[in-house]
Amino acid sequence: MATGATATNKGANTILKRLYGTSVTAVTQFRIGYGTTTPAVTDTAIESPIELGTLDTIDACDADTGWSNGGNASAEVLNTTAGEFIEGSGCLNLPTSGAGACNWDKTITNTDLSTAGDELRLFLYLDDVSDLTTGASAVQVELGTGGFTNTNKYNFADTDFATDGIWYPLVCDVDNPDATAGSGATESTINRIRLTVNLDVDQ
């Protein structure tokens with residue numbers, strides 16, 4: 001399905017089949033996701049599907065312990081206000097002290113992301129997307145092993161964030177980083193994660 005009173009081809013077919021009683025196998029799975037382009041009648045699927053199934057939560061961000069910050073980032077603040085988080089019992093507000101690169105990182109339990117097709121998703125809420133620096137790496141997620149000397153980097157352009165005040169799933173295809181540092185992360189033992197947000201204005 002899509003917003004703007006337009007359904008994707010797959011969504012429209014599903015609706016028509018159900019309305020007119022066509023014999024079809026019962027629905028056992030479905031997809032949700034998001035898109036940043038204007039819906040059109042030629043849409044055939046969701047731009048960025050979020051796979052449903054067995055998912056492992058690496059960190060629900062229910063506590064601010066274990067996090068560090070650098071650049072122009074200020075210390076993260078735990079937010080447990082109802083309606084302002086999407087998983088667990090809270091989320092982390094990420095204040096900054098000025099424009100520029102702002103990063104937050106954490107050491108996590110060794111996580112094996114070496115299976116083909118493995119993805120990591122980090123959810124980021126933006127109040128004002130116009131604060132982001134223009135460019136291909138306005139937001140970056142880094143995965144490392146034993147530090148940040150050898151990492152995989154996943155970049156998200158400012159144009160990937162079109163709407164203020166919503167949660168964005170930053171989907172990292174582990175096997176296909178946009179860049180690497182050193183020899184790249186050891187994908188079977190990921191234990192460091194860093195989020196960098198590049199800002200044009202103070203927060």
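Which residues is threonine 111 in contact with, leaving aside its neighbours within four places in sequence? In this predicted model, they are Ile58, Glu187, Ser188, Thr189 and Ile190.

**Threonine 111**
- Threonine 111 lies in strand E6.
- Its relative accessible area is 16%, and because buried means under 20%, threonine 111 counts as buried.

**Pairing of strand E6**
- Strand E6 spans residues 100-111 and pairs with strand E3, residues 67-71, in the antiparallel sense.
- The pairing of E3 and E6 runs over 5 bridges.
- Within E6, aspartate 105 is the bridge partner of serine 68.
- E6 is also joined to strand E12, residues 190-199, by 9 bridges.
- E6 and E12 run antiparallel.
- In E12, asparagine 198 stands opposite alanine 101.

**Aspartate 158**
- Aspartate 158 sits in the loop between strand E9 (151-156) and strand E10 (166-173).
- Although buried, aspartate 158 has no salt bridge.
- The nearest side chain of opposite charge belongs to lysine 153, which is 18 Å away; a salt bridge would need a side-chain nitrogen of Lys or Arg within 4 Å of a carboxyl oxygen.
- Not counting residues up to four places away in sequence, aspartate 158 touches Leu132, Thr133, Thr134, Gly135 and Ala138.

Terms used. Residues are numbered from 1 along each chain as its sequence is written. This is a predicted model: local features need pLDDT of at least 70, side-chain atom pairs count only at pLDDT 80 or more; totals for chains, interfaces and linings use all residues. Side-chain values use heavy atoms; hydrogens and water are left out. Helices (H or I, at least four residues) and strands (E, at least two) are DSSP runs, numbered from the N terminus. Buried means under 20% relative accessible area, exposed over 50%, partly exposed in between (1.4 Å probe, protein chains only). Lys and Arg count as positive and Asp and Glu as negative; His and the chain ends are not counted. Contact means heavy atoms within 4.5 Å. Two strands pair if DSSP finds at least two bridges between them.
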